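Colleague: I have some terms to check before I use this model. Will you set each one against its definition?

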Amino acid sequence: MVKRNRCRPRLKVCAGGRGVVAHAGARLLSDLADGVGLADGLSTAMAPTKQRRRGHDRGRVLADLAVMIADGGTAISDLAVLRDQPTLFGPVASTPTAWRTLEAVDDAALERIAVARAAARRRVWAAGADPGFYVIDFDGTLITAHSDKAGAQPTYKRGFGFHPLLAFLDATGEALAGILRPGNAGSNTASDHIALLDMALAQLPVDPSRAEVIARADSAGLTHGFIDACDTANVRFSVGHDLTEPVRTACLAVPTDAWCPAITADGSDYRADADVAEITGMIDLTRWPAGTRMIVRREIPHPGAQLTFTDIDGRRFQAFITNQTEPDIAYLEAVQRGRGRAEKLICNLKDTGCTNLPSADFEINHAWLITALIAHDLLVWCQRLCLTGELARAEPKRLRYTLLHTAALIARTGHQTRLRIAAGWPWANQLVDAFDHCHRLRHST
């Protein structure tokens, strides 16, 4: 007989541990919000909504909600994760107080919150997060509602819920702005795109008249109102175009020697079975702003892709218009193809509080969406300013496992309070270094 060895050590479970805290890494996000002035800015923004001097600072409540969402919270009641650990997070508002705070976020408060976010972003960029390349992605997504909520409507995918429109900065992944819309809102509503453009530009610490800013979208952004708004704001545009009959005819009329190889997203190599060409002179673009160009790509679809009637000779064609002046059309096509990264950012945002909206009230859900954008930015800023290596590129789920949900011990020695990360945790040193970076940032701003 083979004697079996136990794979786990014997344990005797008891209560009574002192100074032990969970989610210790989430304190890093709280310190970061303080260090870049976001918490103070939110306090100023929410001050006019509070009638009494007593009670919790509503700006601090919003900051705590953002930390909770970044930490993986999906409901307002999840604020208890912070509240139940006062030695780590200090006094945190109750769930009813958090509800009232979100309820107080009206249109005027949203404008003040946007100002606070922009000011914090300027500090973050001044600390080294400025990417130097500014492409704003505009895209919509669907959020399913599992109950009858205000604004929830049937969606174009036969679901039921909301259809928010979002703007992300491609180079950093920051969530610049968002508009919560009913589920039946149009995909190419020009007024919504224009409003979102203004909100996104207000978040950028750069002037489009001095630095090139590019607005990038799929064909949902192909409206004269949105394109004209970009042109008026000195913003370059790169927007997908439908394969109309004139466009298809022009694609087939392009001479063989006019096609040039497409390049990979990083520009390091050519793409196999993919070519680009410019058909500006073969299409009537007079209705678009002066300088508008049209570029098309043809490629062999990936194995298993379903062909459509517009795919000729086994090749798939895609077109977009732009007013960028770069002569290298392969580069311009690679820039437009990078729009696919916005889909991943939307996935990250949905993993950061936006899978489900918590209230039956539309205004509270809109405030929750804005708070989720703040939470998303806190994670991005943490990665760009406090982390290096693989964790600087990790997705939210991995950041939570490796850093945010780490357990630690609070020890008081003399006049200092120390947070001691478990020595055997593989990412303990990275978390300690991240706290050091954050604290240095706070003293330098």
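Modeller: Gladly, starting with pairing: two strands pair if DSSP finds at least two bridges between them. Helices (H or I, at least four residues) and strands (E, at least two) are DSSP runs, numbered from the N terminus. This is a predicted model, where local features need pLDDT of at least 70, side-chain atom pairs count only at pLDDT 80 or more, and totals for chains, interfaces and linings use all residues. Residues are numbered from 1 along each chain as its sequence is written, and side-chain values use heavy atoms, with hydrogens and water left out.

Colleague: How do you know that β14 and β15 pair?

Modeller: Six bridges join β14 to β15, and the two run antiparallel. At least two bridges are required, so the pair qualifies.

Colleague: What makes β1 a partner of β14?

Modeller: Two bridges join β1 to β14 (residues 408–413), again antiparallel. The definition asks for at least two, so β1 and β14 count as paired. Val 20 stands opposite Leu 409, and Val 21 opposite Ala 408.

Colleague: What is the strand order of the open sheet, and which are its edge strands?

Modeller: The order is β1-β14-β15, three strands with antiparallel pairing. The edge strands are β1 (20–21) and β15 (416–421), since each pairs on one side only.

Colleague: How many bridges join β10 and β11?

Modeller: Three bridges, with β10 (residues 260–263) and β11 (residues 270–278) antiparallel. Ile 263 has Tyr 270 as its bridge partner in β11. This hairpin has six residues between the strands, and Gly 267 there takes a positive phi near 75°.

Colleague: Why is Arg 158 called exposed?

Modeller: Buried means under 20% relative accessible area, exposed over 50%, partly exposed in between (1.4 Å probe, protein chains only). Arg 158 has 81%, so it is exposed.

Colleague: And Ala 104, buried or exposed?

Modeller: Its relative accessible area is 17%, so Ala 104 is buried. The residue lies in the loop between α6 and α7. Its contacts (heavy atoms within 4.5 Å), leaving aside neighbours within four places in sequence, are Met 46, Thr 49, Arg 58 and Ala 109. Thr 49 is 55 residues away along the chain, yet the two C-alpha atoms are separated by 6.2 Å.

Colleague: Why is helix α2 described as largely enclosed?

Modeller: Seven of the nine residues of α2 (residues 38–46) are buried, so the rest of the structure largely encloses this helix. The buried ones are Leu 38, Ala 39, Gly 41, Leu 42, Ser 43, Ala 45 and Met 46. Their cover includes α1, α3 (58–70), α6 (95–103), α7 (107–129) and α13.

Colleague: What makes α1 roughly parallel to α15?

Modeller: Helix α1 (residues 26–35) and helix α15 (residues 428–444) pack at about 15°, axes 9 Å apart. Angles under 35 degrees count as roughly parallel, over 145 as roughly antiparallel, 65 to 115 as roughly perpendicular and the rest as oblique. So α1 is roughly parallel to α15. Among the contact residues are Leu 28 and Leu 32 of α1 and Phe 435 and Cys 438 of α15.

Colleague: Which residues touch the most other members of the largest nonpolar core?

Modeller: A nonpolar core is a set of buried Ala, Val, Leu, Ile, Met, Phe, Trp, Tyr and Cys residues joined through side-chain atoms within 4.5 Å. The largest has 128 residues, and Leu 38, Ile 113, Ile 136, Phe 138, Leu 204 and Trp 381 touch the most other members. Helix α13 (residues 362–386) gives the most, with 17 residues. A separate core holds 10 residues, among them Ala 262, Ile 263, Ile 295 and Ala 330.

Notes. Axes fitted to C-alpha atoms, helices over the stretch in contact; angles between N-to-C directions.
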